[in-house]
Every structure is written in structure tokens, then in C-alpha cells.
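Hi,

Here is the structure I promised to pass on. Please open it first, then read my notes on its aromatic rings below.

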Amino acid sequence: MPTPTLLRRAPALLLGAALLLNGCKNDDFLNVESKSAVTEVSAYSNETNADLIVNDIYNNIPSSSNDPTQTLEQYADNSFCGAGWETGQSVVRAGAISPANVPNGPSSMWRWEDNYSRIRKCNLFLQNVEKYSTNFSASWKTQRVGEVKFLRALYYTYLFTSYGGVALIDKPLDATTDPDGLFVARSTIDQTLAFIVADCDAAAASLPTTAARKGDGRATKGAALALKGWAQLFAASPLANTSNDVAKWAAAAATNKQVLDLNVYSLFPDLGTFFLQENNDNQEVIFNKEYIAVTAGHSKEGTYGPVNVNGVTQGWGNYQPTQSLVDDYLMSNGLPITDPASGYDPQNPYANREKRFYQSILYDGAPWQSDILTMRIGGNNQIDLNSTSDISNTGYYGRKTLDERIPAQTSRALNASGANYVIFRLGEVLLSYAEAQNEAVGPGAGVYSALNQLRKRAGLPDLAAGMSQSQLRDYIRRERRIELAFEDKRWFDIRRWKITAGSTGVLNTPSMGMLITPDKATGKLTYAKVKVFENRFFDFQNWMPIPQEDIAKNTKLVQNAGY
């Protein structure tokens, strides 16, 4: 399936990875300027032209909205797709990650070479905007430099949260003038974090608190602080913070609190409609990648939506929630299904669940596009335990982030959705603050307040007071899974918490689904959990390996342990 060019809502002309510069030759009659080339002098001759370069850097932001094979929900334990050729099943959950087949995430989110290409674009801009600074107003230059430093920090964060310490490059490398300088050794985790933090701090100091124009997709002060807080949270977590340095948790808490204290974001009232395109750039969104329906849209409904709808094969069904995710949603009274007081009935498992369950999961008997989806034996989407079709292997489809009004076939034919890809939103920052604050100082009013804001939106009663630090930790981890499901967050969380491997690891225990069997005489349904896939994952794979081809190119690079 072809992937369309994704344009910003700024000027649409995009420049390539490198500017085509005219060389100097003695044969002047051969030295003809290409009509399609853009010289460095021309590119930085005025703000309008230079903005095209910044737009191109934004345009490189990865997104899963148009990547049918690399949604991070398939890498993690939230979703399972039976297509054996997809990376989630064939590499990640098979314990087969190696330097020869590094999973790259959606749109090459953390691919080594792609991110250094993106970073080079940032470095070239930062160098040339100084070189040609007299062509720009002070206010334009301050803001665009802040934006590009934010974007460089974003691309370094994708590398950092995948590989750990990486090679830090803050200027364009030139093989002609400094061939030895092309080979840069990896910095430590702390040094890499410090680089990201410094760029975020510089960006936050330069960027406006609110966007000058709604829907332009440009970074703001809040975006820079949210990125900094996320990088610090990852660095404070068990995977990177092996000594459990509490100061790192405190730093993450403080930065996420800064975002909250800006007082420019508030929770959108309905998470069920949050991701619809008419609600793009709402009051909860901190930073996202912009889309425009059809013109520069995506086909998420076709890729991830239910397969058989109204008697017609429609979606590819790549969102297939696992039973463990379904089981983590609370009951409407706010209690987990394992609590005897919750009222959960294993033979009526979808009754009286919390609001976010119905907003996120399509289950047997759920409505979708004027149809009722039935995953039971004999149903219109009968669970496919043998992966003979695209129909769900788990007995569920995902609903969250999809627009029910867009038929899957229309979605794929027209790239019909203009819903933005949300990267940071207030709900996540509340959870990040609560987690870091709980780890730094333990339970407190600020932690409860952050968590109860999300519970209130979900129609749940406040948390019971008096929870221990350990109890709150477990609750926060569960809440992150529920609140941020299908937003490409879980993969990073389970790795940083180091809960992937071992005898109880979420990627080392079987993925389960729900087998629903109707009684032939009475039609009564019987529900039984069934194994869908035998996962395999090793602790060292929480860090990705540097691709072998890049190790071969740069002898100063040292591979991560275990590979």
C-alpha cells in the first residue's frame, strides 16, 4: 500500500535531505544551475524560504497512522496480529531481535540512520541560520531555532529510549574537511539525557506558551517541557536508572509539574471523541503531527479497523486487543475485576465496565457502523485462532483513535482521515508526574490529584486514600496502560519498567484471547480464555541493538550487551 506524503499545515513545498549546491568548475559553460536545485544561499535568503526547511524537519516526525506493519501495540502486550510476517510477531515477540533485524517502529521511529539523517537536517539549519542571520528578524530566528532544537531533542529521544547512550552530534559532519570526525563514539546514558535536556531547555526558553495559529503543528514551550519530562522519566526508570537514584525521579516530577503549572492545558471532556479530526488541536493536546483529510490524510481506519462489517470485508484488523489489556480495564465502580466487590461476572465479562473500555475496545456484541460485531463461534467475525484470515486472533478489535464514520475501504482508497497523530497530551503528563512524584517522595496530595482528574473524566470515583507507595506504583502502571492504550506508549513503558522478560514478563508469557461458544440448543454463551501466541523475550532486548551495518561503518560504536 503506498504511503502518501505527509504535509504540515504550513507551506507545502518540502526540501530533500540535502541541499543541492553548485560546484565550481573551470568549464564555465558546463556550470549551469539546475532548475530543480535549491542553493544554500537561496534557501536561507529570507524567512519564507527558510521556513520550508523547518517544515521538512517537522515532516520527518514518525507516526503509526500510515504504517500498517509497525504499530507499537503489536510490539507490546496490548495487541496481537496473526500476520506472521509482521515485525511484532516474527521478531519482537519471538525473542529474535538481533543486530541484523532491528525493529524500527512505525515510520522508522528509532531507526539509527534515519534519525541521524533527521538530526543532520536540524544541525544544518542551526548552522546556516547563524551564517545567514542578517536575513532574518530576531523574533523569527528565536522561535525557529527553538523549534529545531526541540525537534533535534525529539529525534535524539527516539534514539535514547531505544538504544541508551548514543553518539551525540551537534553540527553537520563533513567528510571533506574532517574525515576522522565522521566517526563518533557513543556517550553515556547520563550524557545523552543531558544533551536532550539542554536542547529542551533552550527550546522552552525560546518558544511561545501557546501556538500563534491553531493547527500549525509547531512546537511550544509546553511541548519542549513535555519532551524533557518524558526523557527524564525514562532515564529515572529501572532500565536506565539501575541504582534507583531518587534524584532522577525528582527531576522528572519537577519538569512534568512545570507543564501542569503552565495552566494552558485541560482535559478534553470525552476521551471517546478526543481523536476525531474535528477535535484536532483541542485543549488537551500538547504536541502532535498534523494531517489533512485526503489532501495529506491517512488510512488508519482501513488498516486497524474491524474486518467484516455489514457483510463486507472492510478493515485489515491490525488492532486486536489482548485479553490481558481487556482484563485491566476497571469496573464502573472503579474496582479491578479481581476484587470480589467489583461485581465482575466472568460469564458476562463486558457488562458494567468503565467508560474507557467501551471507548477503546470492540468486543463480541459491540456496535460498529450500524452493525453488531460477533466474535463468537459462528459469528460474523468468528475468532481466528489459526490465522487463516485477517479476522481477530483474540476475539477483539480496537476502537480507540478510529473514526467510526469512515468506512475502511474509503479510508484506504482516499486516505480519508485527517485526525492528527498525538505525541504528547495532558493525560500522559498527569500520569508521568504522578509516577515520578510517587517514586521520588511517595504518596501525596499531588499524586492523588493528578490520578483523580483522569478517573473523574472516566466516570470513576476518587481513589481510596491511604495507598502505599508500592500500591500506587502498581495502580499508576495499570492506569497508564488503560489511559494510553493504542497511543504507541506501552512499548516504551514495559521496557523502562523492565517487566518484559522473566517468568512473569508480559512479553514472555502467552498472549490470550476470548473463545466464546454458543450453546446449540439455548444460544447461551460460554466464555473461556484461550492461548493465542507463545511469546518469547529476553531481558537484554529491552535495549535495541545498534544495526550491524552501522557498527561496520563506525568502528568506534560499541554494541549493546547481549547481542
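Arg-353 sits over the face of Phe-357, 5.1 Å from the ring centre. Keep in mind that this is a predicted model.

Now the ring-to-ring contacts. The whole structure holds 33 aromatic pairs. One of them joins Tyr-116 and Tyr-156. Their ring centres are 6.2 Å apart and their planes meet at 85°. Planes over 60 degrees apart count as edge-to-face, so this pair is edge-to-face.

Where do Tyr-116 and Tyr-156 lie? Tyr-116 is in helix α5 (residues 112-131), and Tyr-156 is in helix α6 (residues 138-163). The pair therefore ties together parts that are 40 residues apart in sequence.

Phe-357 turns up again here. With Tyr-363 it forms a stacked aromatic pair, 5.4 Å centre to centre and 25° between the planes.

Phe-357 and Tyr-363 are both buried.

Last, look at the cluster. Nine names to select: Tyr-75, Trp-110, Phe-160, Trp-230, Phe-234, Trp-491, Phe-492, Phe-537 and Trp-543. Together they form one aromatic cluster.

Best wishes

Notes. Residues numbered from 1 in each chain as written. Predicted model: local features only at pLDDT ≥ 70, side-chain atom pairs only at ≥ 80, totals over all residues. Heavy atoms only, no water. Phe/Tyr/Trp six-rings, centres within 6.5 Å; stacked < 30°, edge-to-face > 60°. Helix = DSSP H or I, 4+ residues; strand = E, 2+ residues; numbered from the N terminus. Buried < 20%, exposed > 50% of the residue type's maximum accessible area, 1.4 Å probe, protein only. Lys NZ or Arg CZ within 6 Å of the ring centre and 35° of its normal.
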